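Hi,

Here is the structure I promised to pass on. Have a look at it first, then read my notes below with the model open beside you.

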Amino acid sequence: MNNKGCFGIGTIGLVIIGLVLAIGFLGVRSYNSLVKENNNVLNKWSNVETIYQKRANLIPNLQNTVKSYAKFEQETLTKVVEARSKATQVTVDPTNMTEEDMAKFQKAQGELSSSLGRLMMVVEQYPELKADQQYINFQREYIAIENSIRTEIVYYNDAVTVFNNKVETFPTSLIVAIFSKFKAKPYFKADEGASKAPEVFKD
């Protein structure tokens with residue numbers, strides 16, 4: 001009788017230990033998966049910031065090129081320079097970014113995009129400037145960078161989708177409840193017409 005009782009208790013104990021180990025393994029696996037996908041989001045966001053910085057780095061050369069044409073509307077150029085300054089000052093902490101942070105970043109970058117678009121429309125009225133080799137080089141680099149921006153944003157949003165799905169679904173949602181550093185990430189929302197490449201070359 002005692003042997004059966006001991007055997008019964010031992011079996012239950014083994015089952016409990018097995019369950020604990022299984023839960024622990026599942027927890028570790030879920031945690032590691034969240035870490036991996038979180039790091040992927042951070043990496044993709046870093047790429048987004050890098051390509052936007054490349055665009056900002058084009059502005060000084062554009063400024064020098066346009067300045068050489070005395071009759072050019074300086075107010076338009078000034079707005080581009082001011083928008084660049086504002087855009088480079090708005091930064092986002094990717095480890096704790098919010099919808100509000102993303103909105104501010106996008107607004108600043110959007111204002112720079114708009115000011116650049118207006119400047120290039122004005123340039124169309126200045127054939128000599130439009131034909132300037134330095135300006136042509138700027139256009140080519142600008143188009144390449146804008147296309148890269150669209151690509152990197154797609155990669156970032158894809159990474160956010162994978163991460164947010166893990167954050168919001170079982171069993172990784174249990175890990176999220178324990179570790180506050182895992183929070184859903186905001187998407188980079190496309191502006192109207194953002195899917196089209198900039199049309200800066202005209203006949």
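Predicted model: local features only at pLDDT ≥ 70, side-chain atom pairs only at ≥ 80, totals over all residues.

Start with the place where α2 and α3 touch: on the α2 side, the residues in contact are T76, L77, K79, V80, A83, R84, K86 and A87.

How do the two helices sit against each other? When two helices pack, we describe them by the angle between their axes and how far apart those axes are. Helix α2 covers residues 74–89 and helix α3 covers residues 99–123; their axes are 8 Å apart and the angle is about 160 degrees. Since angles over 145 degrees count as roughly antiparallel, α2 is roughly antiparallel to α3. The crossing of this pair is left-handed.

Now follow α3 to its contact with α5. Here the angle is about 155 degrees, with the axes 13 Å apart. That makes α3 roughly antiparallel to α5, and the crossing is left-handed. From α3, the residues M102, S113, L116, M120 and V123 take part, and they meet Y135, F138, Y142, E146 and Y156 of α5. By class, you get eight nonpolar, one polar and one charged in this contact.

Next, something to look for in the backbone. Most peptide bonds are trans. Which form does the bond from F170 to P171 take? That one is cis, with omega near 5 degrees. You'll find P171 in the loop that runs between α5 (133–168) and α6 (172–178).

How many cavities of 30 Å³ or more does a search of the whole structure find? The answer is one, and the largest cavity holds about 40 Å³ of space. Its lining is made up of T95, N96, M97, K181, K183, A184 and K185. By class, those lining residues split into two nonpolar, two polar and three charged.

How values were computed. Residues numbered from 1 in each chain as written. Heavy atoms only, no water. 1 Å grid on protein atoms, 1.4 Å probe; cavity = no way out; pocket = protein on both sides within 12 Å on 5 of 7 lines; lining within 4 Å. Points joined across faces, edges and corners; volume = space filled by probe spheres on them. Nonpolar A, V, L, I, M, F, W, Y, C, P; charged D, E, K, R; others polar. Axes fitted to C-alpha atoms, helices over the stretch in contact; angles between N-to-C directions. Helix = DSSP H or I, 4+ residues; strand = E, 2+ residues; numbered from the N terminus. Parallel < 35°, antiparallel > 145°, perpendicular 65-115°, else oblique. Left-handed = near helix turned anticlockwise from the far one by under 90°. Contact = heavy atoms within 4.5 Å.
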